[in-house]
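Take a look at it first, and then we'll go over how the parts meet.

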Amino acid sequence: MAHATESLLMEGGTPTRLPFPSGSLEACVVRVLAGDTEAFGPIVEALEPRLLGLAWRMIGDRDQARDAAQEAFLRIYRSLRSFRLDSSFTSWAYRITVNVCRDYLRKRGPTLPSGADPEALANSESHAEPADAAVLRQERRNIVQSALDTLTHAERSALVLRDLEGLSTEEAAAALGVRPVTVRSQVSSARAKIRAFCAQRIPDSTGVRP
Amino acid sequence: VTTRHVSHLLHLWTGGDLDPDRSARVQAHLKLCPTCTAEAEALRGQTAWLREMAEPPFSAADHLAFRAQVMAGVRREAAKPQSHWQVRPALAAAAGILLVLGAGLWLRNPRTTLVPAAQTAPAQARMEPPPPRTDPKPVRPRVTSPPRQRAPAGEPTPVTRMEFQTADPTLRIIWLARTVPSPANQPGPQH
């Protein structure tokens, strides 16, 4: 059953009866389209941790990730009329965010190896652990970021969505706009590269956890 | 199932991407092969370890501040005048119609397209019979020219006025054109 977004709005912009639960993201979308800007708040609340995390994992820089996620939310807001209510809003939002992050990565070009991020170290939940352990952990995080930087944009997007965000192959494919077989191939290649990169630098990075 | 085949499939198997038949074959092999079992454990461990190491570094305060920042941006976006969004497609459509009509007129008679109708009447009469007098089609542009007075040689020709009514009733495009004689428009020798 296909719901054209605008067909759910009456002449004056008032929502007609909705085929969604009142608290669902799709219901919020309809309210926003009817002119209730504040209805975008629940959408931000539901998606913000995932989209900001996705942006950070894709870009690897806190400030740029914030900017990219902010840009992604604004694009989502501006494009709400083109969203098809019979599709997954989360996948659609992921797709927009991945595209914004790819734009950022293209503009940024190749990166230097990640350095220590003092702010990240301070905000890390592990700040209660001994200083040596925290430093070691941060070093390993930097190595992982460097390993992610060695991937192509397509491999990185697929690996982040599939392994780090926990999406299924089909969901990741929908978010990336490619076929599931493409995602499997990219994820497989990315895993092999990450494994080889980390094995050289962190002996216990594969199998046995540190 | 050889060890090599299972090694190749382990990436897919740990990710749950194998079809049930091949997944069962891999599981059966793993029961017999300690090397592949260790490899599978390593792959699973790598994914979990990677996820832990790539945990986003944002605190709860960061998330709160970010949400407020996003909503402020959205409110600014909502406060922008909507006419900005509505006029742009209308202008694009009008420009497209203008281009198509202009190109059509030029292709029909490239030498006299921009010349006022009164000036080209004799030439058209030679080429085709005069059109029947009917009401003009609503989609055609209205072409008018000022009261005709033959301009002496060397003086500028009168201006042709073309009006296009767009889908938006408040938006009308008026195109003023004046013919400028050009050597390229003169008929060349016939071969």
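## Where the chains meet

Chain B and chain A bury about 4,100 Å² between them, and carbon and sulfur atoms give 60% of that. Buried area here is the accessible area (1.4 Å probe) that two parts lose on being put together, summed over both. Trp49(B), Met53(B) and Phe66(B) supply 17% of the area that chain B buries against chain A, more than any other three residues.

A quick note on the ground rules: this is a predicted model, where local features need pLDDT of at least 70 and side-chain atom pairs count only at pLDDT 80 or more, while totals for chains, interfaces and linings use all residues. Residues are numbered from 1 along each chain as its sequence is written, chains are lettered from A and ligands numbered from 1 in the order in which they are written, and side-chain values use heavy atoms, with hydrogens and water left out.

Back to the interface. The contact (heavy atoms within 4.5 Å) takes 46 residues from chain A and 38 residues from chain B. There are also 10 salt bridges between chain B and chain A, a salt bridge being a side-chain nitrogen of Lys or Arg within 4 Å of a carboxyl oxygen of Asp or Glu. On chain B, the helices α1 (3-14), α3 (34-53) and α4 (60-79) each supply at least two residues of the side that touches chain A. Helix α3(B) gives the largest share of that side, 13 residues. Helices are DSSP runs (H or I, at least four residues), numbered from the N terminus.

## Some salt bridges

Here are a few of the pairs.

| Pair | Closest N to O distance |
|---|---|
| Arg195(A) and Glu39(B) | 2.9 Å |
| Arg78(A) and Glu77(B) | 2.9 Å |
| Arg137(A) and Glu52(B) | 3.5 Å |

Arg137(A) is partly exposed, with a relative accessible area of 22%. For these labels, buried means under 20% relative accessible area, exposed over 50%, and partly exposed in between (1.4 Å probe, protein chains only).

How do the partners in the Arg78(A) pair compare? Arg78(A) counts as partly exposed at 37% relative accessibility, whereas Glu77(B) is buried at 10%. Both belong to a network of salt bridges that links Glu71(A), Arg75(A), Arg78(A), Asp103(A), Arg106(A), Glu77(B) and Lys80(B).

## Inside chain A

Chain A has 9 helices and 0 strands, and 48% of its 210 residues count as buried. Why is helix α7 (residues 153-164) of chain A largely enclosed? The rest of the structure encloses α7(A) because 10 of its 12 residues are buried. Those buried residues pack against α2, α4 (89-108), α6 (131-149), α8 (169-176) and α9 (180-201) of chain A, together with α3 of chain B. Just after α7(A), Gly166(A) takes a positive phi of about 80°.

One of the buried residues of α7(A) is Glu155(A), at 9% relative accessibility.

Helix α2 (residues 40-59) of chain A holds Leu54(A), which counts as buried at 0% relative accessibility. Beyond its sequence neighbours up to four places away, Leu54(A) touches Tyr94(A), Thr97(A), Val98(A), Val160(A), Leu161(A) and Glu165(A).
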